[in-house]
Amino acid sequence: MTMPLDNIPSRKAFNWISGSQCQEGQLKQSIDPATYNVIGHYPDYGLEAAKFAVAAASKAFRETMWAHDHELRAGVLDQLACAFERNRDRLLEILSLENGKVKAEAAFELDMVASKLRYSAATALVEGGRALTPKPGSISVILRQPMGVAAVIAPWNSPVILTIRSLAPALAAGCTTVIKLPAQVAQTASVMAEIMAEAEDLPNGVINLFFESGPEGSAYLVDSPEVPVVSFTGSTRTGRAISSAGARYLKRFGMELGGKTPMIVFDDADLDAALPVLEKALTVFSGQFCMTGSRLLVQDGKYEAVRNGLAERLRNVKVGPAADPSSDMGPLIDRANVARVDGVVEAAIAAGAKVVERGGPINVGPLANGAFFRPALLEVSDNSLAIVQEETFGPVLTIQRFSDEAEAIRLANDNEYGLSASIWTRDVDRSLRVAQALEAGSVWINDWAKVYDGTEEGGFKQSGVGRLNGLAALDDFIEHKHIALKPGLAQR
């Protein structure tokens, strides 16, 4: 939707290309999902912006010292960390307003940014090449070189940290970058660009950023031969599609995709510790999180206690706007997603799921105009139901019984996703035994969603390829080059 030029709120987002603010494009509205009030406008210029951004990044890769100067890269990454710290409160306000996150959850997202940038600054200084003597009189040198222009395609649900999580290692490796974000977070993206522009030693064109309402710009990044590597965070369906498109140029893809996190509660679990975390595993970011705890598997002995305790907690979740400091959970990103998630719940009930806590859209009262959805809890016994197998991307949790360890593992692994899992038990041997058996890239024991800068993160099965965080994050963005010399042997 567009709006007349004489009735535009003061927020004006811009794309950021080669160090310049770009406002060309059809003018469209930015919306607060809690009220559906217009909070600003943005230029929708996806395809052309993508073309300009790729050209700028290619030029910067060829003509600046970025790809060759480790100390420059480390210094800029540290400057970026300082800039995000200085502007934290400003970014917090726009992220809460435009994305709908309650302030505590927006802060949780933003407070991970600076440390990731500084971790990557350190990795930029770690020389990863090596030299060896494969045969007498021969010397081989292995160089790790940046691939070129890296596309960072991030989603709207956690736009700041999911951008930085890919951007930081790409920069540390020596790539120049093009960031693409969805139009739902255009205002947030624009503030991010202003913040990154504060890094005084950042060469123009090393970071470029644009947003769009459609897929055209993303498609150009995937199809362009000038972009050899794509770091994508999003749905498995989209990940499959861009992998297929990028195969034409044998592109390197690093992808964190969908998830359907099982949370396994054994009879010996500490429920006083578990229940508050299980609740938050569903409601953080309003369930719009790839690691949302959406499948609850509970052993027979604790089943009723967990079901009833969690139902009570979910009934007491205060849904509301980020502007209200007492809100526990904010809105979904828009009304279309409210309708989609509600349809998923209705289909699950029709297929045999039993309602423990229906939840659903808030259609009356002061929140009725926003995109609010109360959390839902559904009891299931058939693991093949779509509500168990498919990512919902909303605050909907299924609960299911199991009798023993073997059944818990079987049910947890009976899914195409393998991003993360959570285990609740006081038996140390069992926790490690089950963790090793689960087909998931991250497993938390008596906890949920613990992610650290120095530990690799990524998915098994259909939840992605490659790893982010940790030293392995660099691997998506580098090529190894072998240089062979034959100086011979010194005379003895």
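Once residues up to four places away in sequence are set aside, Glu198 touches Ala83, Arg86 and Asn87.

Is Glu198 buried, exposed or partly exposed? Its relative accessibility is 31%, so Glu198 counts as partly exposed, since that class lies between the 20% and 50% limits. For a sense of distance, Glu198 and Gly359 are separated by 161 residues in sequence and by 44 Å in space, C-alpha to C-alpha.

## Confidence in the model

The average pLDDT of the protein is 96, and 98% of the residues score at least 70. Residues 1-8 are a stretch where the pLDDT is below 50; beyond near neighbours in sequence, this stretch has 16 contacts in the model. A word of caution belongs here: where pLDDT is low, predicted coordinates should not be read in detail.

## The largest pocket

Now to the open space. The largest pocket holds about 1000 Å³. It is lined by 37 residues, and the closest to its centre are Trp156, Phe232, Gly234, Ser235 and Thr238.

Which element gives the most to this lining? That is H9, with five residues. At least two lining residues come from each of strand E8 (176-182), helix H8 (216-223), strand E10 (229-233) and helix H9 (236-246). Sorted by class, the lining of the largest pocket has 16 nonpolar, 12 polar and nine charged residues.

## The largest cavity

Rolling a probe the size of a water molecule over the atoms shows where empty space is left. In this structure there are five cavities of 30 Å³ or more, and the largest cavity has a volume of about 100 Å³. Its lining is made of 13 residues, of which Tyr119, Ser120, Pro169, Asn469 and Ala473 are the closest to the centre.

Helix H5 (113-124) and helix H6 (159-173) are the elements that give two or more residues to the lining of the largest cavity. By class, that lining has six nonpolar, four polar and three charged residues.

## The second largest cavity

The second largest cavity contains about 80 Å³ of space. Among its 16 lining residues, those closest to the centre are Pro262, Arg295, Tyr417, Ser420 and Glu439. Two or more residues of the lining come from each of strand E12 (261-265), helix H14 (405-413), strand E19 (417-418) and strand E20 (420-424).

The classes in the lining of the second largest cavity are seven nonpolar, five polar and four charged residues.

One more residue deserves a look. Ser442 belongs to strand E21 (residues 442-445). Why does Ser442 count as buried? Its relative accessibility is 12%, and buried means under 20%.

What is Ser442 in contact with, leaving aside its neighbours within four places in sequence? The partners are Leu419, Ser420, Ala421, Glu457 and Gly458. One of these, Ser420, is also listed with the residues closest to the centre of the second largest cavity.

Conventions: Residues numbered from 1 in each chain as written. Predicted model: local features only at pLDDT ≥ 70, side-chain atom pairs only at ≥ 80, totals over all residues. Heavy atoms only, no water. 1 Å grid on protein atoms, 1.4 Å probe; cavity = no way out; pocket = protein on both sides within 12 Å on 5 of 7 lines; lining within 4 Å. Points joined across faces, edges and corners; volume = space filled by probe spheres on them. Helix = DSSP H or I, 4+ residues; strand = E, 2+ residues; numbered from the N terminus. Nonpolar A, V, L, I, M, F, W, Y, C, P; charged D, E, K, R; others polar. pLDDT = per-residue confidence, 0-100. Contact = heavy atoms within 4.5 Å. Buried < 20%, exposed > 50% of the residue type's maximum accessible area, 1.4 Å probe, protein only.
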